[in-house]
Amino acid sequence: MSRIPRGRHSRVRLAVTLAAVSAVAAGAAIALASGADAGTTLGASAAEKGRYFGTAVAAGKLSNSQYTGILDREFNMITPENEMKWDATEPSQGQFRYTSADQIVSHAQSHGQRMRGHALLWYQQEPGWAQNMSGTALRNAMMNHVSTVAGHYKGKIYAWDVVNEAFADGGGGGRRDSNLQRTGNDWIEVAFRTARAADPGAKLCYNDYNTDGVNAKSTGVYNMVKDFKARGVPIDCVGFQSHLGGLPPSDYQANLQRFADLGVEVQITELDISGSNQATAYANVVKACLAVSRCAGITVWGIRDSDSWRTGENPLLFDGNGNKKAAYTSALNALNGPGSTVSTPPVSTPPVSTPPVSSPPVSTPPVSTSPSSPGGNGCTATVSLNQWQGGFVATLRVTAGTGAINGWTVNLTLPSGAAITGIWNANRSGDTGAVRFTNVAYNGQIGAGQYTEFGFQATGTGSGITPGCSAG
Ligand code: XIL
């Protein structure tokens, strides 16, 4: 696609758009016969079905009028893309910083948009000081964080991602290893109880990726939610990130439904879709949500392709110039099509009060997390860093392209002075300079558009690492 000359590219898109417009015209009689005034924006059309349509927003882009023009015309729910994460809101222990997140909240409030809070606890974008903690000290710091941040935004958040990505990929269906997990398996329920006490009005969600179909990982989450409901742990919703590389899995709707049947709301929280059947894939996701009465809404992970974290994959609904893509028209038509108009009222658990715990302030240097970059045949690799004085943890994500892969190799060059001291979920050759990682037995096979993660700890600094990926 990117090699098609610009003029030709535009003509292709225009032809697709015109075809979609005439398809709508052809269906107009049916739409009128149903008595519904089809909405002309994503937010209005979703609202007609008792749903919301949201997007991730970056505070730094709120000064761009093309960006806010689309945001305020099309979307009625906002998730801060990074501004409410732990490293952003508590960069040093006990010192909270809300400037960027508050900017987004105030934009939402003045434009009639609701907020999803994202994310109170996540093993990524954890500040360096927390990354270096363990045991009781970390448990206390984690509860203090949840309680303080959820308390700051009390009454302003529709739903919080209380815990993000706590389950492991692969066939085990168990928890992901992290310093949070190592504080004890009950860390997730403690987080939910603490969040409920801090903001009893917010829906509390568990959010994850690769849980879009019925598989070992989604079943692991399902069993946790079932157990929480049985024991009265306050959980109200499950978020399905839905970072897809093509059509959603064929059991996507059935998977949403089985969670809904546990008595929780389901939400599509970070939708973006690469690949040639993007328009159909967006329509299928919308139809699946409309078919599940407890599916409260859909959030896409950015507005224009140029805003996407999936650089070069063009997985969003607007192109880099802010024009509506075929996928937009397809999503809008699906929202205006048949589907449940009933949004089931909140299914929630009674508030449970848990006293906040505070921990002594400790000053630790800040941390940086950077997304990155390209890959080779059949896969891409990105890195995020948690850096502290003298060392860092790098988490690498290997994503298959439009076809499944059966093995992968990631190459990168460590900056001088950096040396690997520990590694998980991969084999490696070399500790310094040019280093090569290959899959281990259980994570070589990755479905189209799906991903797996591995990581390493090292001395020195990790900034500027650019991983390359090749399949096989
Ligand atoms: C991503 C952001 O889009 C990037 O800007 C950032 O560098 C890394 O995080 N799952 C999540 C989101 O829950 O928070 C991630 O957002 C994408 C994957």
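This is a predicted model: local features need pLDDT of at least 70, side-chain atom pairs count only at pLDDT 80 or more; totals for chains, interfaces and linings use all residues.
Colleague: What about contacts along the chain? What share comes from residues 24 or more positions apart?

Modeller: Take the contacts with a separation of 6 or more. Residues 24 or more positions apart make up 76% of them.

Colleague: Then give me both for α9 and α10.

Modeller: α9 covers residues 216–231, and α10 covers residues 252–260. They pack at an angle of about 15°. Their axes are 10 Å apart.

Colleague: What do we call that arrangement?

Modeller: Roughly parallel. Angles under 35 degrees get that name, so α9 and α10 qualify.

Colleague: Is the crossing left-handed or right-handed?

Modeller: α9 and α10 make a right-handed crossing.

Colleague: Which residues make the contact?

Modeller: From α9, they are S218, T219, V221, Y222 and V225. From α10, they are N255, R258 and F259. By class, this contact has four nonpolar, three polar and one charged residues.

Colleague: Next pair. Where do α11 and α12 sit in the chain, and how do they cross?

Modeller: α11 is residues 278–291, and α12 is residues 326–336. Their axes come within 8 Å and cross at roughly 25°. That makes α11 roughly parallel to α12. The crossing is right-handed.

Colleague: Who meets whom there?

Modeller: The α11 side has Q278, A279, T280, Y282, A283, V286, K287 and L290. The α12 side has A326, A327, S330, A331, A334 and L335.

Colleague: And the classes in that contact?

Modeller: 10 nonpolar, three polar and one charged.

Colleague: Why say that α12 is largely enclosed?

Modeller: Because eight of its 11 residues are buried. A residue is buried when its relative accessible area is under 20%. The buried ones in α12 are A327, Y328, T329, S330, A331, L332, A334 and L335.

Colleague: Switching to strands. What is the order in the four-stranded open sheet?

Modeller: The order is β14-β15-β12-β17, and the pairing is antiparallel.

Colleague: Which strands stand at the edges?

Modeller: β14 (427–429) and β17 (468–471). Each has a single partner strand, so one side of each has no neighbour in the sheet.

Colleague: What about the twist?

Modeller: It averages 20° from one strand to the next.

Colleague: How many bridges join β12 to β17?

Modeller: Four, and the two strands run antiparallel. β12 is residues 408–413. N411 stands opposite G468 in β17. T409 has S470 of β17 as its bridge partner.

Colleague: And how many bridges does β12 have with β15?

Modeller: Five, again in the antiparallel sense. β15 is residues 434–438.

How values were computed:
Residues are numbered from 1 along each chain as its sequence is written. Side-chain values use heavy atoms; hydrogens and water are left out. Axes are lines fitted to C-alpha atoms, for helices over the stretch in contact, and angles run from 0 to 180 degrees between N-to-C directions. Angles under 35 degrees count as roughly parallel, over 145 as roughly antiparallel, 65 to 115 as roughly perpendicular and the rest as oblique. A crossing is left-handed if the near helix is turned anticlockwise from the far one by less than a right angle, and right-handed if clockwise. Contact means heavy atoms within 4.5 Å. Ala, Val, Leu, Ile, Met, Phe, Trp, Tyr, Cys and Pro count as nonpolar, Asp, Glu, Lys and Arg as charged, and the others, Gly among them, as polar. Two strands pair if DSSP finds at least two bridges between them. Buried means under 20% relative accessible area, exposed over 50%, partly exposed in between (1.4 Å probe, protein chains only).
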